[in-house]
Amino acid sequence: MFTNLYAATWGEVGKAKEKGFFDFDLFSWMAWTWQTAAFFIFIALCITVMFIWEKKVPGGSPRKGILGLDTTRGDRLFVSLLGSAFIHLFWLALVGSVLWVATIICLGYAIIVFRYV
Amino acid sequence: MNKTLNQKAWLFVIPVFVLVAFNAAIPLMTVVNYSFQETFGSNVFAWEGTRWFKEILHSERFHASLGRQVIFTFIILLIQLPLGIGIALTMPKKGWGVPVCLILMSMPLLIPWNVVGAMWNIFALPEIGFLGNSLNSLGFDYNFTQQSGDAWFTTILMDVWHWTSLVVLLSYAGLNSIQPAYYQAAEIDGASRWDIFRYIELPKMKKVLTLAILLRFMDSFMIYTEPFVLTGGGPGNATNFLSLDLVKMALGQFDLGPAAAMSLIYFLIVLLICWIFYTIMMKDEGRS
């Protein structure tokens with residue numbers, strides 16, 4: 001059922017594929033892989049967590065952070081995600097391999113953003 | 001205090017969610033999926049990891065088109081903002097001149113982008129176009145289809161013609177919202193014309209000008225149709241801006257993977273700059 005979520009390999013190029021559960025034409029053009037699906041599930045989880053957090057502590061805990069900006073929780077999440085994207089890009093451009101190190105840096109960065117910005 | 005909780009309003013938001021899903025979320029997800037894979041069509045994909053991102057980040061071609069794009073946007077803002085404010089300051093405040101000026105100003109904004117490109121293409125043709133022929137008759141060696149400097153000149157002139165009006169209309173609206181009392185106070189204080197502009201008009205126009213900068217930045221940073229019709233990115237690659245290059249890569253070469261990676265990087269740059277502008281605008285909002 002989930003075989004189609006995995007990307008094809010070079011050996012499969014040009015060969016006819018067996019039709020799986022996700023292989024209807026409305027969907028297959030989106031070319032899902034488990035890695036990208038995991039990324040979007042992570043984003044969806046972030047938003048869900050923010051939603052629950054807002055229910056528990058309403059108001060978004062606004063404050064003036066170290067950058068002198070008025071930020072709420074949502075702003076901090078956005079800054080964390082956008083910054084993480086750029087950290088990954090810079091890592092790819094300057095280092096190129098062991099991308100998970102960049103992910104760890106991003107985690108630290110996100111914690112700093114949520115704590116101080 | 002018994003407030004009844006009514007969540008019916010959420011039902012009315014559903015159409016927007018569906019619309020955004022179809023015109024933004026699903027295409028964006030697809031682009032993310034494509035950016036990590038290689039395809040030759042017919043829905044067969046092979047995982048490539050971060051290869052395309054690395055290639056794009058190190059590609060001379062991407063650096064060149066990004067550089068061209070930044071320079072173009074910078075020149076556009078540098079010309080259109082002062083020019084727009086200047087025109088708005090000289091426009092009449094009352095009388096029959098107001099509607100005439102407003103209509104004249106909004107004319108270029110109403111013309112479809114590809115028509116603007118086609119118009120300027122014919123207008124600037126060195127042999128038969130009015131602009132091209134006039135410049136050549138005056139002794140300039142002008143040919144926008146062969147000389148990159150001329151192509152840039154024509155593209156910038158076209159964009160200035162098309163979009164300065166937007167800055168004019170925004171600034172004019174900003175100027176008109178200033179209360180006469182400010183001008184009267186300035187007159188009593190014996191302020192010069194420059195002082196009035198510097199200390200009354202400019203601060204009062206700050207909000208609309210931030211909006212104008214944001215709109216002009218976005219539009220010129222994502223410009224596609226006009227240079228596509230006018231120069232097609234040429235001569236050579238001289239006016240090959242980011243979105244032109246992106247479309248060439250995606251549809252011309254059918255390199256969907258690299259093109260997807262490039263469009264994500266492009267998207268992130270636009271998102272970052274938008275966020276910076278948004279933050280600047282909201283910062284002032286909080287203070288006042």
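**Notes on a two-chain model**

1. Let's start with chain A. Reading along its sequence, you pass through the pattern α-α-β-β-α-α. Counted up, the secondary structure of chain A is four helices and two strands. Keep in mind as you look around that this is a predicted model.

2. How much of chain A counts as buried? Of its 117 residues, the share is 13%. As for its contacts, take those in chain A with a separation of 6 or more: 47% of them come from residues 24 or more positions apart.

3. Now for the place where the two chains touch. On one side there are 24 residues of chain A, and they are in contact with 26 residues of chain B. Helices α2 (34-56) and α3 (73-94) of chain A each give at least two residues to the chain A side. The largest share of that side, six residues, is from α3(A). Sorted by class, the residues on the chain A side are 17 nonpolar, six polar and one charged.

4. Stay with α3(A) for a moment and look at its packing against α2(B). The axes of these two helices are 9 Å apart, and the packing angle is about 75°. An angle between 65 and 115 degrees counts as roughly perpendicular, so that is the label for α3(A) and α2(B). From α3(A), the residues taking part are L89(A), L92(A) and A93(A), and they meet F53(B), K54(B), L57(B) and H58(B) in α2(B). That contact is made of five nonpolar residues, one polar and one charged.

5. Next, the nonpolar cores. Which residues have the most contacts inside the largest one? They are I56(B), A260(B), A261(B), M262(B) and I265(B), in a core of 27 residues. Both chains are represented here: α3 of chain A supplies at least two residues, and so does each of α1 (9-34), α2 (51-58), α3 (60-90), α12 (242-252) and α13 (256-287) of chain B. The largest share, eight residues, belongs to α13(B).

6. If you skip its neighbours within four places in sequence, I56(B) is in contact with F62(B), P258(B), A261(B), M262(B) and I265(B). There is also another core, lying apart from the largest one; it has 12 residues, including M91(B), W163(B), V167(B) and V168(B).

7. Helix α7(B) deserves a point of its own, starting with its partner α4(B). The axes of α4 (residues 97-110) and α7 (residues 148-176) of chain B come within 8 Å and cross at roughly 130°. That angle makes α4(B) oblique to α7(B). The crossing of this pair is left-handed. On the α4(B) side you'll find M105(B), S106(B), P108(B) and L109(B), which meet W161(B), H162(B), S165(B), L166(B), V168(B) and L169(B) in α7(B). Seven residues of this contact are nonpolar, three are polar and none is charged.

8. Then compare α5(B), residues 113-124, against that helix. The axes of α5(B) and α7(B) come within 11 Å and cross at roughly 130°, which makes α5(B) oblique to α7(B). Is this crossing left-handed or right-handed? For α5(B) and α7(B) it is right-handed. V116(B), W120(B) and A124(B) in α5(B) meet T154(B), M158(B) and H162(B) in α7(B). By class, that contact has four nonpolar residues, two polar and no charged ones.

9. One residue of α7(B) to zoom in on is L166(B). Why does L166(B) count as buried? The cut-off is 20 or more other C-beta atoms within 10 Å, and L166(B) has 20. Leaving out its neighbours within four places in sequence, L166(B) is in contact with L109(B), A212(B), L215(B) and R216(B). L166(B) and L215(B) are 49 residues apart in sequence, with 8.9 Å between their C-alpha atoms.

10. Finally, have a look at Y183(B), which is found in helix α8 (residues 180-188) of chain B. Y183(B) has 14 C-beta neighbours inside 10 Å, so it counts as partly exposed. Try the distance from Y183(B) to L77(B) too: the two are 106 residues apart in sequence and 29 Å apart in space, C-alpha to C-alpha.

Technical notes
Residues are numbered from 1 along each chain as its sequence is written. Chains are lettered from A and ligands numbered from 1 in the order in which they are written. This is a predicted model: local features need pLDDT of at least 70, side-chain atom pairs count only at pLDDT 80 or more; totals for chains, interfaces and linings use all residues. Axes are lines fitted to C-alpha atoms, for helices over the stretch in contact, and angles run from 0 to 180 degrees between N-to-C directions. Angles under 35 degrees count as roughly parallel, over 145 as roughly antiparallel, 65 to 115 as roughly perpendicular and the rest as oblique. A crossing is left-handed if the near helix is turned anticlockwise from the far one by less than a right angle, and right-handed if clockwise. Two residues are in contact if their C-beta atoms, placed from the backbone, lie within 7 Å. Ala, Val, Leu, Ile, Met, Phe, Trp, Tyr, Cys and Pro count as nonpolar, Asp, Glu, Lys and Arg as charged, and the others, Gly among them, as polar. A nonpolar core is a set of buried Ala, Val, Leu, Ile, Met, Phe, Trp, Tyr and Cys residues joined through C-beta atoms within 7 Å.
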